[in-house]
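User: Hi, I'm new to reading protein models. Can you walk me through this one?

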Amino acid sequence: MGLKHRGVVYAMQSACLLPLVLAVPLPSTQIQRAQSSHTPHNSWKALSPITVEPRQEHGVAAVGEDVYILGGITTYNPAAAALPSLPIAQAYSTCRDEWRRIADIPIPINHGNVASVNGKLYLVGALTGNTTWTNPPINYVYAPETDAWTALPAMPAGTARGASAVGRWRDTVLVAGGLTGQIPTVGSQPTVGFVSAFNTTSGAWAALPDLPEPRDHAGGAVVDDVFYVVGGRLNSTTEVRGTVFALDLLAAEKTWVSREARMPTPRGGLSAAAVGSRIYTFGGEGVISAELPEGVYDNVEVYDTRKDAWEVLPPMAHARHGTGAAVVGGKIYIPGGANHTIVGAVVTNDVFYP
């Protein structure tokens, strides 16, 4: 079923209005031309860059055809010796390739834990501050239709954190591991392993079993009722891990399982997104070396949750860490991030075609 405007029927696809093509046979030359114009699998396309400020350590999620970026930090000023958190929030239209600014977040944040549930954005924990980042026990919901933020029940005492692995399961947002604070210019960061669940319908928080080992800056995704936490690090940007932890959300006795297959390239600060039964991981940061002169990875590796196996794909068009990934219409959008370890915010905005 489509919409009609000025005599043209449009079909809804990924929330975009597209002309509805009638079933009229095409000559073979036109068919070949159409087939050759299809975007190849595992390829990249550059999109309109982020406006307002370069951005890294921001939250990323999608609602409908829009990709949202929340908070983060921008270009580092050595003279100020500070990395101020930002209240800025923006939306990118995947249909129009355009950015727009939306209502500011109630407080400046970085490393926000963000998920999309039933057409709304949930910010369930973050870090805030300038020279030292702390962990406010925040929980907000953003409604795109009203462009407004509303406070929700805060994270339970002792569990507030940012830089967590996040997943969405039914009406629940899952938050695994993370940081309870950080001194960004020093690198000090206490990593935690507890796991929380926020029910967006009831507004209630619940505790789930702790991760087998604390993690921050890890990737999170839910596939087939299983919550996966991949990669990440422990107490330092250099202590990266290649583990895959899995929690069956339907099990009566919930227990984390460490999958046998490990990431080919252990990384923290990576982006992750699930398409079907596969979890795609992008970029990240590690130790500066001859092989990694900026301390930033361009690696793309995909985990097959059903086979417990990894596949290495061609690298990113632009190596980055400190961003997130959002899926719209089967494509993976990665806005912003940093092109140098620790700090190096950019306006780069790419889409990946699985």
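Analyst: Let's begin with a term: buried means under 20% relative accessible area, exposed means over 50%, and partly exposed lies in between (1.4 Å probe, protein chains only). This is a predicted model, where local features need pLDDT of at least 70 and side-chain atom pairs count only at pLDDT 80 or more, while totals for chains, interfaces and linings use all residues. Residues are numbered from 1 along each chain as its sequence is written, and side-chain values use heavy atoms, with hydrogens and water left out.

User: Is Glu-65 buried or exposed?

Analyst: Glu-65 counts as buried, at 11% relative accessibility.

User: Which residue does Glu-65 form a salt bridge with?

Analyst: Arg-96. The closest N and O atoms are 4.0 Å apart. A salt bridge is a side-chain nitrogen of Lys or Arg within 4 Å of a carboxyl oxygen of Asp or Glu.

User: Where do Glu-65 and Arg-96 lie?

Analyst: Glu-65 is in the loop between strand S5 (59-63) and strand S6 (66-70), and Arg-96 is in the loop between strand S7 (89-93) and strand S8 (98-102), so the pair ties together parts that are 31 residues apart in sequence. Strands are DSSP runs (E, at least two residues), numbered from the N terminus. Arg-96 counts as partly exposed, at 46% relative accessibility. Arg-96 also meets Glu-98 in a salt bridge (3.6 Å, N to O). Glu-98 is partly exposed too, with 45% relative accessible area.

User: How many salt bridges does the structure hold?

Analyst: It holds 14. One of them joins the side chains of Asp-216 and Arg-233, at 3.2 Å from N to O. Asp-216 sits in the loop between strand S18 (205-208) and strand S19 (219-223), and Arg-233 in the loop between strand S20 (226-230) and strand S21 (244-248), so this pair ties together parts that are 17 residues apart in sequence. Both Asp-216 and Arg-233 are buried. There is a network as well: salt bridges that share partners join Glu-213, Arg-215, Glu-239 and Arg-241.

User: New topic. How much space lies in the largest pocket?

Analyst: About 850 Å³. On a 1 Å grid over the protein atoms alone, a pocket is an open set of points with protein on both sides within 12 Å along at least five of seven lines; a cavity is a set where a 1.4 Å probe fits but cannot get out; lining residues have an atom within 4 Å of a point. Points are joined across faces, edges and corners, and a volume is the space filled by probe spheres set on them.

User: What lines the largest pocket?

Analyst: It has 36 lining residues, and Val-60, Val-114, Val-166, Ala-272 and Ala-325 lie nearest its centre. Elements giving two or more residues to this lining include S5, S19 and strand S23 (271-275).

User: And what about the largest cavity, what is its volume?

Analyst: About 110 Å³. Of its 16 lining residues, Glu-57, Trp-133, Gln-182, Arg-233 and Ile-342 are the closest to the centre.

User: Back to S23. Which sheet is S23 in?

Analyst: An open sheet of 4 strands, in the order S23-S24-S25-S26, with antiparallel pairing. Two strands pair if DSSP finds at least two bridges between them. S23 and strand S26 (309-313) stand at the edges with a single partner strand each, so one side of each is left without a neighbour in the sheet.

User: How many bridges join S23 to S24?

Analyst: 5 bridges join S23 to strand S24 (residues 278-282). Ala-273, for example, has Tyr-280 in S24 as its bridge partner.
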